[in-house]
Each structure stands twice: as structure tokens, then as C-alpha cells.
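Good morning, and thank you for making time on the agenda. I would ask you to bring up the sequence and the model, and to keep both in view while I speak.

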Amino acid sequence: LNIVTIAVASLPLFRAFGDDRVNVWVADPPFVWLPGVMVPAALLGHLLVWRKLAIPSLVGNIAEPLIWLVAFGYGMGALVGTVQFQGLTVPYLVFLASGSVCMSAMNAATFEALYSAFSRMHVQKTWDSILNTPVTLRDVVLAEMLWASFKSLFSVTAILLIMTALGIVTTPKVLLAWPLLWLAGITFSCVALIFNAIAKGYDFFTFYFTLCLTPMMFLSGVF
């Protein structure tokens, strides 16, 4: 509704209110603060669409980390037992769980900022529709970045709840990890949007996963 309202207000009809060329008034206060309204509006649009697909989306984002956790945590954990980490002896399942949460934040933000954002930009032409209003490309990209980071936070929260139910997480101090996990989502969503900008098709994303994410996942100490 916000986008439609701004688009109507940008029609040449409103030229009668001044001698300036069309839409120059958008650069003057208080209209210059429109991004402060439009970016949250774009985020709300993402949330309303995602609400209809929330369950399949969450299942898709948390299934892989949980499979890693069950297969390696309970399977290999029975063989490894405990590990030494910063002078502390911790069960391998707990050690793996912390890495799985970070991996989930990385994957959820990356998938959203790559495949979903690419679809909105090239296939569905959602970006073109939004850019026909006074909203700038910077606002659209910022909203995409924030949405991808928030979606990663949703996935991380779901995984933490499951870990709490399994008895892996036993302290409320885990809530202190939320800001860091959100920053991780922001970081990987920004990197993914850069690759999105230069991609010619979905197949291009294979390079990013094969050369960047997969080595990072296996060589960063998650396992």
C-alpha cells in the first residue's frame, strides 16, 4: 500500500504544485526520509509472503543442520566422546552444536540472498516494480540484506529451540549469541548479494557454493 501511495504521488499530475520538474520534491525534507519508511515496508512485504511458506521454509533451513547434528553428534560423538576446547573438556555433541548453529545462519542467509533475491530481481521482476516508485536501488538492496539476515535468525532460533528440547542447550546465556548470529547473517547476505549482482543465472551460484561455502564449512572447525 505504501508503494502504491508513493507511486500515485509521483504522477506528473502533481507538477501543478510547483514549477520544479517531476519528483524533485522527493529529495526535500520530509520526503528525503522516505527510505526510513520504505525499507521497513519492503521488509514487511517479505514477511507477509514468507508467512504463507513459513513451515516449509523453516524445515528446509533447519533440516540439513539437524541431520549433520544427529549423524555426527550422536554417531561420531559416540566414538569421539569429548574434545578439548580452550582448556575445557566438552562433549563432542555440544561442540558440534555450536558450529551447526553458525552454519545454519550462514546457509539460511546465503540461500535467501542468492536464489530468492535472484528470482525477485530477474524472474518475478519484483525489483522493477518497486523501482518504478521513488524507492532507490539502495533501499531495495538494504531491505533484501536485512530480510536475509532476519530469516537466518528465524532458522537459528528454531534450531536453538530444538537443541533446548534435546537437552543440548541448558543455559539462557545462549541468548547472548543472537546478536552475533544476526551479524553473521548480515555478513553472508551481503556477500551473497554481491555474487547475485554478477550472476547470469542460477548455475553461477555453484561456483560460490563449491569454491567458498563448502570449503569454509569443512575447514572452519565446525566438525
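Predicted model: local features only at pLDDT ≥ 70, side-chain atom pairs only at ≥ 80, totals over all residues.

Searching the whole structure gives 15 aromatic pairs. In the pair formed by F195 and F204, the ring centres are 6.5 Å apart and the planes stand at 40°, so the pair is classed as tilted. Both residues belong to a cluster linked by ring pairs, whose members are F111, Y115, F118, F195, Y202, F204, F205, F207, Y208 and F209.

I turn next to the chain as a whole. Its secondary structure amounts to 8 helices and 2 strands. Read from the N terminus, the order of elements is α-α-α-β-β-α-α-α-α-α. The chain has 223 residues, and 39% of them count as buried. If we take contacts between residues at least 6 apart in sequence, 72% of these join residues at least 24 apart.

With that in place, we can look at how helices pack, starting with α4 and α8. Helix α4 covers residues 92-123 and helix α8 covers residues 205-219; their axes come within 12 Å and cross at roughly 175°. An angle over 145 degrees counts as roughly antiparallel, and α4 and α8 are therefore roughly antiparallel to each other. From α4, the residues in contact are M103, M106, T110, F111, L114, Y115 and F118, and they meet F205, Y208, F209, L213, M216 and M217 of α8. By class, this contact comprises 12 nonpolar residues, 1 polar residue and no charged ones.

Helix α8 also packs against α7. Here the axes lie 10 Å apart, at an angle of about 155°, which makes α7 roughly antiparallel to α8. The crossing of α7 and α8 is right-handed. On the α7 side we find F188, V191, A192, F195 and N196, and on the α8 side F205, Y208, C212, L213 and M216. The residues of this contact divide into 9 nonpolar, 1 polar and no charged. F195, from the tilted ring pair, is thus among the α7 residues that meet α8.

The contact of α6 with α7 has 14 nonpolar, 5 polar and 1 charged residues.

Is S152 buried or exposed? S152 is buried, because its relative accessible area is 1%. Apart from neighbours within four places in sequence, S152 is in contact with A105, A108, A109 and G185. S152 and C102 are 50 residues apart in sequence, while their C-alpha atoms are 9.7 Å apart in space.

Note on methods
Residues numbered from 1 in each chain as written. Heavy atoms only, no water. Phe/Tyr/Trp six-rings, centres within 6.5 Å; stacked < 30°, edge-to-face > 60°. Nonpolar A, V, L, I, M, F, W, Y, C, P; charged D, E, K, R; others polar. Helix = DSSP H or I, 4+ residues; strand = E, 2+ residues; numbered from the N terminus. Buried < 20%, exposed > 50% of the residue type's maximum accessible area, 1.4 Å probe, protein only. Contact = heavy atoms within 4.5 Å. Axes fitted to C-alpha atoms, helices over the stretch in contact; angles between N-to-C directions. Parallel < 35°, antiparallel > 145°, perpendicular 65-115°, else oblique. Left-handed = near helix turned anticlockwise from the far one by under 90°.
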